[in-house]
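Subject: Structure handover

Dear colleague,

I am passing on the structure we discussed. Please look it over below; my notes on what was found follow it.

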Amino acid sequence: MAVTQNTYTGNGSTVLYNFTFPYLQQTDVQVKLDGATQATTTYSFANATTIQFNSAPASGIKIIIFRNTDNDNKKATF
């Protein structure tokens, strides 16, 4: 499984977070908050490289934006 990520810390007011990695489909991009085992779905894409949360993550919350690519069902071969 190929994984690339960007990590931030919430401040209670910021809802937009950029990420710097390429992806093929938006479903490959996932977000976890504060070490949760499951990805959250409380966001949308503001643009191709920015996540917009429905409400700002609280101050001190760890935010991980990552790519989770399924290697068993490849979408492209180079």
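Strands here are DSSP runs of at least two residues, numbered from the N terminus. On that basis, Thr-50 belongs to strand S5, which covers residues 50-53. Please keep in mind that this is a predicted model.

Thr-50 and its surroundings

Thr-50 has a relative accessible area of 6%, so the residue counts as buried; the cut-off for that class is under 20%. Its side chain makes a polar contact of 2.6 Å with the side chain of Asn-18. Beyond the neighbours within four places in sequence, Thr-50 touches Leu-16, Tyr-17, Asn-18 and Phe-19, as well as Ser-44 and Phe-45.

Thr-49

Thr-49 sits in the loop between S4 and S5. With a relative accessible area of 38%, Thr-49 is partly exposed, because that class runs between 20% and 50%. Setting aside neighbours within four places in sequence, the contacts of Thr-49 are Tyr-17, Asn-18 and Phe-19. Thr-49 and Tyr-17 are 32 residues apart in sequence, and their C-alpha atoms are 8.5 Å apart in space.

Aromatic pairs

How many aromatic pairs does the structure hold? The count is 8. In one of them, Tyr-17 and Phe-53, the ring centres are 5.7 Å apart and the planes stand at 80°, so this pair is edge-to-face; planes over 60 degrees apart fall in that class. The pair links distant parts of the chain, as Tyr-17 is in strand S2 (residues 16-18) and Phe-53 in strand S5, 36 residues apart. Tyr-17 and Phe-53 are both buried.

A tilted pair is formed by Tyr-23 and Phe-45, with 6.1 Å from centre to centre and 40° between the planes. Tyr-23 lies in the loop between S2 and strand S3 (29-33), while Phe-45 is in strand S4 (residues 43-47), so this pair ties together parts 22 residues apart in sequence. Is Tyr-23 buried or partly exposed? Its relative accessible area is 22%, so Tyr-23 is partly exposed.

Ring pairs also join these residues into a cluster, which consists of Tyr-8, Tyr-17, Phe-19, Phe-21, Tyr-23, Tyr-43, Phe-45 and Phe-53. Among the cluster members, Tyr-17, Phe-19 and Phe-45 are also in contact with Thr-50.

Regards

Conventions:
Residues are numbered from 1 along each chain as its sequence is written. This is a predicted model: local features need pLDDT of at least 70, side-chain atom pairs count only at pLDDT 80 or more; totals for chains, interfaces and linings use all residues. Side-chain values use heavy atoms; hydrogens and water are left out. Helices (H or I, at least four residues) and strands (E, at least two) are DSSP runs, numbered from the N terminus. Buried means under 20% relative accessible area, exposed over 50%, partly exposed in between (1.4 Å probe, protein chains only). A polar contact is a pair of N or O atoms within 3.5 Å; within protein, one must be able to donate a hydrogen and the other to accept it, and residues adjacent in sequence count only if both atoms are side-chain atoms. Contact means heavy atoms within 4.5 Å. Rings of Phe, Tyr and Trp (its six-membered ring) pair if their centres lie within 6.5 Å; planes under 30 degrees apart count as stacked, over 60 as edge-to-face and the rest as tilted.
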